[in-house]
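Please consider the structure shown below.

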Amino acid sequence: MKQFIVDAFTHQPFHGNPAAICVMEKWPEEEIMKGIALENNLSETAFIVKEGEAYHLRWFTPTCEVGLCGHATLASGYTILNFYEKEAEAVHFTTLGGELTVSKKGNLYEMLFPNIPLSKVKVTEDMIDALGTIPLEVVQGQDLDLICVLQDKDLVLDYVPDAALLSKLPGRMVHITAAGDNDYDCISRCFGPKLGILEDPVCGSAHCQIIPYWAERLGKRTINAWDASSRGGYLQGEIISPSQLILRGEAILFAESELHL
């Protein structure tokens, strides 16, 4: 089984969000995919099988399968367009999150993703304890992910996550965000201890929620976003309809290997 390690939402190694991409002729047993994801111990391992003209794509964390993953989709698109469909300008994926497309635009890769609706929720004492501050606002998005808006970017940069406190909060993941500066419209970090991931660097699915929030708040259609994890990564989001947005980012190959299974 061929496996690639691709750093997504970056142009340099050791930055962005690394994903393992396994390209296969047929599906192995699910327990094997779970075992590979656990062995890789990355936030996501993607598994791809070509079915007709499209590719079927599935994502696994070290503990479970997930319904939508942005960085591993970008990394999967990078892998297919650079190693399997070199003449193609776009690749189409069938996923649990719906039909997804990755298009190559020069050094950038564009992904058409859902524009996830948000709803405001009440700030609780558990949220304040987990964040170490009173957020300006908290909204919920996909799978009831929490988007916690903090007063300034330094609170995002300096935040030290506590897995036990974050795990008490409702929803799948917890994202913290604040307004950016002249270089970026917003700055964010993403945490998923319930998924076996304390911090997910440059989470694409999170930005399907973070970008619509800042687009509405700032009155802008295009948002330049910086993920402030220790690896760091950049992505751009553009709202194109009430139900869809485009995520843009770069990617770079880190490793190519053969799994002996």
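R58 lies over the face of W27, 5.6 Å from the ring centre; a charge sits over a ring if NZ of Lys or CZ of Arg is within 6 Å of the ring centre and within 35 degrees of the ring normal. This is a predicted model, in which local features need pLDDT of at least 70 and side-chain atom pairs count only at pLDDT 80 or more, while totals for chains, interfaces and linings use all residues. Residues are numbered from 1 along each chain as its sequence is written, and side-chain values use heavy atoms, with hydrogens and water left out.

**Aromatic pairs**

- A pair of aromatic rings is described by the distance of the centres and the angle of the planes.
- Rings of Phe, Tyr and Trp (its six-membered ring) pair if their centres lie within 6.5 Å; planes under 30 degrees apart count as stacked, over 60 as edge-to-face and the rest as tilted.
- The count by this rule is eleven aromatic pairs.
- F4 and F83 form a tilted pair, with 4.9 Å centre to centre and 35° between the planes.
- Because F4 lies in strand β1 (residues 2-8) and F83 in helix α2 (residues 70-83), this pair ties together parts 79 residues apart in sequence; helices (H or I, at least four residues) and strands (E, at least two) are DSSP runs, numbered from the N terminus.
- F4 is buried, at a relative accessible area of 1%, whereas F83 is partly exposed, at 31%; buried means under 20% relative accessible area, exposed over 50% and partly exposed in between (1.4 Å probe, protein chains only).
- F4, Y78, F83, Y84 and Y109 form one aromatic cluster.

**Nonpolar cores**

- A nonpolar core is a set of buried Ala, Val, Leu, Ile, Met, Phe, Trp, Tyr and Cys residues joined through side-chain atoms within 4.5 Å.
- The largest core has 53 residues, of which I21, I48, W59, F93, F113 and L247 touch the most other members.
- Helix α6 gives the most to this core, with seven residues.
- A second, separate core of 17 residues includes C148, Y159, I187 and A228.

- S205 lies in helix α6 (residues 204-218) and counts as buried because its relative accessibility is 3%.
- Not counting residues up to four places away in sequence, S205 touches L68, C69, G70, I116 and R172; contact means heavy atoms within 4.5 Å.
- T61 is found in the loop between β4 (54-60) and β5 (65-66), and its relative accessibility of 1% makes it buried.
- Leaving aside neighbours within four places in sequence, T61 is in contact with A37, S43, E44, V66, L195 and I197.
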